[in-house]
Amino acid sequence: MEENDTDPTEQVPCTNDSGPEDHTQDHATLNYVGIEAVLDQMRRKAMKTGFEFNIMVVGQSGLGKSTLMNTLFKSKVSRKSCTPNYEEKIQKTVHLQSVSHVIEEKGVKMKLTVIDTPGFGDQIDNDNCWEPIVKYINEQYEKFLREELSINRKRRIPDTRVHCCVYFLPPTGHCLRPIDIEFLKRLGEIVSIVPVIAKADTLTIEERQEFRKKIQHDLQANEIRVYPQREYDEDAEDRILNDKIREKIPFAVVGTDREHQVNGNKVLGRKTKWGIIEVENVAHCEFTNFRDLLIRSHLQDLKDVTHNIHYETYRVRRLNDSNVNGLGLSSLSITTGENVL
Amino acid sequence: MTDQMMSHCPLTPHLGLDVAASLLLAVAQQKNLEGYVGFADLPNQVYRKSVKRGFEFTLMVVGESGLGKSTLINSLFLTDLYSSEYPGPSHRIKQTVQVEQSKVLIKEGGVQLLLTIVDTPGFGDAVDNSNCWQPVIDHIDSKFEDYLNAESRVNRRQMPDSRVHSCLYFIAPSGHGLKPLDIEFMKRLHEKVNIIPLIAKADTLTPEECQQFKKQIMREIQEHKIKIYEFPEVHDEEESKLAKKIKDRLPLAVVGSNTSVEVNGKRVRGRQYPWGIAEVENGEHCDFTILRDMLIRTHMQDLKDVTNNVHYENYRSRKLAAVTYNGVENDKNKSQLTKLDTVEGISPLAQMEEERREHVAKMKKMEMEMEQVFEMKVKEKIQKLKDSEAELQRRHEQMKKNLEAQHKELEEKRRQLEEDKANWETQRQLEQQKLDATRTLEKNKKKGKIF
């Protein structure tokens, strides 16, 4: 649980900057109905119930995943900091570990779950190393589906679905590797992927541009859809915004949890013999863009995309299968009286 | 020295023989020269000869793509071996690991260096990297094999040395430790080539991270008993301090750059970041200068020697041992004479015996064959001679017969002649008698007349 000075996640534009009390004054005007007030109601509700956000980090060991998570949420949320006697060892198989925290800011509570994937891409033979991840994601969908279809379902179904998957690309400077392409292809269908260039302080600005261009080219060539997906842009405004973001993907990020003094200010940064890399300086790296995308502007959108698109796709597939195979799910659907596809 | 000798020889001074004997024995010890002989110039002679001949050096670079191998090679040798037109790894992703050689002849100060860089594109890039080290091992073995064959030839005047003298292995700067691929590769190649592990793209790491990373790597290398290239012991005090400094900084963290930037009015090779410039040749920024000095300025010859004396000999004994018949009793010959503890099976001495035996057997067989041929020829000759002898005999007899026939004829004729002679004699006698008779008559007649 931590508070800090950054802005809250929502950007609900209020026509009146003052609080809800002011609306009562407008009852006098004829054209005002009060639909606007629903936003406040939502806000209050949301503050009470809090948010859930599940983020998964995937990448080879040593790319700075845990550090980046810590930097992103400005607290020690990663697996590294949480398990006592943590030893850096390369796992033999990929297995997933999730750590949950509740962080609070200005009265808004968020249950953040970070799912880590140690062992991914570290072996000599990395065939099918993405399978445990695919399985996990589908399991979460399955859990949600079951809960949704049960007779006595809870009011608020605990949402453990993966809302966002951050994929770390090693800063080779050349192009996407076969393992990257394989993973992105398979997981682009079931979850929203945000690729980032890890440890971007390896690359100079020109190298970064080139690398980014090459990656974008490769992504297009392999028809990999990363978040924000073009097909789900709802209107022109969205499209413009998302296009801007799409130009910048993948973001070149640097993570750190140390602070140094620069020009009298305390900044988060990495100190090397030839200079200090400021994490929150836009000229140095794109961490701020990444954070804004993930938390400040598109958090809710990520959740919506996951719920409306990825989850629905899964649901349709699953229910189709169960109809064909006559599995137990069909019995559930009869009792709910719903007409299942 | 004389004190030692004095202690050995008896105190009686007139036994000068003892001293003389020990003096002779001590010839192998160091003697101080009384004048300038001139063999101090020997290194110069070697130097001049080598400079004329030129040097060869083969360097192999191994590592995943994108770790800056080509850039480092360019920085090391200050040439654009991998120019910007050279197809980068993005164009070179293939299914299997390739091994590519590029040669370049560099001249500096009158000394020629034929530098061969062996590159391994595709190493560690695929999804399944099992056996990606196999093409590398095959390449190294094939170079050893070529050298072995060249050495065994009859005419070996030009023997090019294309063996791989050193392998630079690039470790990705994860900051955690070695990857399973790194460990596997090094385990398989440390007996075949001098491995020098390097931390690539070291400007990713802060100095503390770098220290920790190095410690971790060295710990893992020792844990897995990987034999990386060891710097040789030097006797010089100052040099040994330097060598120790290098040892502490293993594995070397390097940064390479193709571009030069301006720093304090000087143009140096470096990488320009928004927050500063990482200089390649600055000892505080990275260990590039140490690597360059070690690889080129001080230890190049040692690398070649170790390759020749250790790795090549290992390969050679293993190869030759595998070729011979395995039934040889080799236990008694596993002797103190062989220093190679990595040889499995027969020691070279037994092998030589075996070879000799084989040779002798072959010789014997050849001898026997030749003898047989000889005998056959002799028989033929004898037969021929016999035939001609018989022929001669026949002729001889025939001639004898002829002679006898002629002899008989002559006898006949002689007899005839004798007969005729006898006849004539008798006739003559008759005639004579007749004549005598007539004569006496006549005489009587005459006598009678007177009367």
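Across the interface of chain A and chain B, the rule finds 14 residue pairs in polar contact, with both residues at pLDDT 80 or more; a polar contact is a pair of N or O atoms within 3.5 Å, where within protein one must be able to donate a hydrogen and the other to accept it, and residues adjacent in sequence count only if both atoms are side-chain atoms. This is a predicted model, in which local features need pLDDT of at least 70, side-chain atom pairs count only at pLDDT 80 or more, and totals for chains, interfaces and linings use all residues. Residues are numbered from 1 along each chain as its sequence is written, chains are lettered from A and ligands numbered from 1 in the order in which they are written, and side-chain values use heavy atoms, with hydrogens and water left out.

**Where the chains meet**

- By class, the side of chain A that touches chain B has 13 nonpolar, 12 polar and 15 charged residues; Ala, Val, Leu, Ile, Met, Phe, Trp, Tyr, Cys and Pro count as nonpolar, Asp, Glu, Lys and Arg as charged, and the others, Gly among them, as polar.
- Contact (heavy atoms within 4.5 Å) links 40 residues of chain A with 39 residues of chain B.
- The two chains, A and B, bury about 3,400 Å² between them, 60% of it on carbon and sulfur atoms; this buried area is the accessible area (1.4 Å probe) that two parts lose on being put together, summed over both.
- A:Ile124, A:Lys273 and A:Trp274 supply 25% of the area that chain A buries against chain B, more than any other three residues.
- The rule also finds two salt bridges across this interface of chain A and chain B, each a side-chain nitrogen of Lys or Arg within 4 Å of a carboxyl oxygen of Asp or Glu.
- A salt bridge joins the side chains of A:Arg270 and B:Glu209 (2.9 Å, N to O).

**The fold of chain A**

- Chain A has 11 helices and nine strands; helices (H or I, at least four residues) and strands (E, at least two) are DSSP runs, numbered from the N terminus.
- Six strands of chain A form an open sheet in the order β2-β3-β1-β4-β5-β6, with mixed pairing; two strands pair if DSSP finds at least two bridges between them.
- β2 (97-105) and β6 (251-252) of chain A stand at the edges with a single partner strand each, so one side of each has no neighbour in the sheet.
- Strands β1 (residues 51-58) and β3 (residues 108-116) of chain A run parallel and are joined by seven bridges.
- A:Val57 stands opposite A:Asp116 in β3(A).

**Buried and exposed**

- Of the 341 residues of chain A, 47% count as buried; buried means under 20% relative accessible area, exposed over 50%, and partly exposed in between (1.4 Å probe, protein chains only).
- Helix α3 (residues 65-73) of chain A is mostly covered, with eight of its nine residues buried.
- The buried residues of α3(A) include A:Leu68, A:Met69 and A:Phe73.
- A:Lys74, which follows α3(A), has a positive phi near 50 degrees.

**Backbone details**

- A:Ile249 and A:Pro250 are joined by a cis peptide bond, with omega about -5 degrees, and A:Pro250 lies in the loop between α8 (236-248) and β6 of chain A.
- In chain B, a cis peptide bond joins B:Leu250 and B:Pro251, with omega about -15 degrees.
- A:Glu223 is not a glycine, yet has a positive phi of about 55 degrees; A:Glu223 is exposed, with a relative accessible area of 67%.
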